[in-house]
Amino acid sequence: MSLPKSLSLRVRRRFLSLLVGAACAGAILPAAAQNTPFDLGPEQPGRIRAEADPAAIARIPKGYRFVAPGTLTVAIHPGSPPLGTYATDAKTVVGADPDFAQLVADSLGLKLALVPVAWADWPLGLASGRYDAVISNVGVTEQRKEKFDFSTYRQGLHGFFVRTDSKIDQIREPKDAAGLTISVGGGTNQERILVEWSRQNVAAGLKPIDLQLFDDEAERLVALRSGRADAVVQPHAQLVFVAARDRDIRRVGTLSAGWPLTSDVAIATRKGSGLVDALTQATNGLIANGTYRQALARWGLEEEALPRSETNPPGLPKY
């Protein structure tokens, strides 16, 4: 398809990316089900389960009222495999976060009810009591801690991925990226980090990083696969899924989403509800008995494992 030359470069590029994205969107579930080691079927026979944890149950406040009696109601945004997505039946929510939610519910001796939500809606829904918790790749920030309590359960990581035939072996610190062309989302935290990396490289007498800024994943991957970029960086879990599905990219490094600080992902609950201590205890019990790591491994996310869960740790500052 040819486009009128009168269109601006940005409009032309955006139009092409929408075509690519539309093509991918129409095929992502069948392709994922057939071409990845991940089970996206609604039955989930391989889902890891846990026994009730008396220590965690004892920490549930006696006056706490669950949204549904005997049930842990958890909100999840099903928009980012392998963390959370719709199964091949287009209605069941599956992924690493649903698996972890099931483990937590098991530990607390409760049934699990998953509520699919749009990402932008979870804060209001949680504050208004529509669900007991949110388990959906929510990072701990100082601003969010003003309204919510947090129990950490996974590292927040960005991933550096290259083509499988690339000669790049490692990108873990600024000097590893000197002189490379990296595809990244414009206006993202990843861009902020790489701008600082490039500044540090120049100050050290190394080459700057050439950042290619794109609006969506389809554009970033096209740039990488076409050879216009040496590497792509975005949330690690997303690229783990793409690598397993397409088998033409590989990981060469990770960095904290809050670099130079750490940035952990956490279960969010209403501020002062009292449920946070039970959730932290449940998570630490799952870490200790090994089911936590088994559940992460099921989705290729062992690298994001935490050694222990914390309640309301220091979060990312306001930028």
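1. Are α6 and α7 parallel, perpendicular or oblique to each other? This is a predicted model, in which local features need pLDDT of at least 70 and side-chain atom pairs count only at pLDDT 80 or more, while totals for chains, interfaces and linings use all residues. Residues are numbered from 1 along each chain as its sequence is written, and side-chain values use heavy atoms, with hydrogens and water left out.

2. Helix α6 covers residues 217-225 and helix α7 residues 236-246; they pack at an angle of about 55°, their axes 13 Å apart. The two helices are therefore oblique to each other (under 35 degrees counts as roughly parallel, over 145 as roughly antiparallel, 65 to 115 as roughly perpendicular, the rest as oblique). Axes are lines fitted to C-alpha atoms, for helices over the stretch in contact, and angles run from 0 to 180 degrees between N-to-C directions. Helices (H or I, at least four residues) and strands (E, at least two) are DSSP runs, numbered from the N terminus.

3. On the α6 side the contact (heavy atoms within 4.5 Å) is made by Glu-217, Leu-221 and Arg-225, and on the α7 side by Gln-238, Leu-239, Val-242 and Asp-246. These residues divide into 3 nonpolar, 1 polar and 3 charged. Here Ala, Val, Leu, Ile, Met, Phe, Trp, Tyr, Cys and Pro count as nonpolar, Asp, Glu, Lys and Arg as charged, and the others, Gly among them, as polar.

4. Phe-100, Leu-103, Val-104 and Ser-107 of α3 meet Leu-279, Ala-282, Thr-283 and Leu-286 of α8. By class, this contact has 6 nonpolar, 2 polar and no charged residues.

5. The structure holds 1 cavity of 30 Å³ or more. A cavity is a set of points on a 1 Å grid over the protein atoms alone where a 1.4 Å probe fits but cannot get out, and its lining residues have an atom within 4 Å of a point. Grid points are joined across faces, edges and corners, and a volume is the space filled by probe spheres set on the points. The largest cavity has a volume of about 70 Å³.

6. Residues lining the largest cavity include Asp-97, Phe-100, Tyr-153, Arg-154, Tyr-292 and Trp-299. Two or more lining residues come from each of α3, β6 (148-155) and α9 (291-297), and α3 gives the largest share, 4 residues. The lining divides into 7 nonpolar, no polar and 3 charged residues.

7. Some backbone points deserve a look. Most residues other than glycine have a negative phi, and most peptide bonds are trans. The bond from Pro-81 to Pro-82 is cis, with omega near 10°; Pro-82 lies in the loop between β1 (71-76) and β2 (85-86). Trp-259 and Pro-260 are also joined by a cis peptide bond, with omega about 5°. Ala-90, not a glycine, has a positive phi of about 65° and is found in the loop between β2 and β3 (93-94).

Methods. On a 1 Å grid over the protein atoms alone, a cavity is a set of points where a 1.4 Å probe fits but cannot get out, and a pocket is an open set with protein on both sides within 12 Å along at least five of seven lines; lining residues have an atom within 4 Å of a point.
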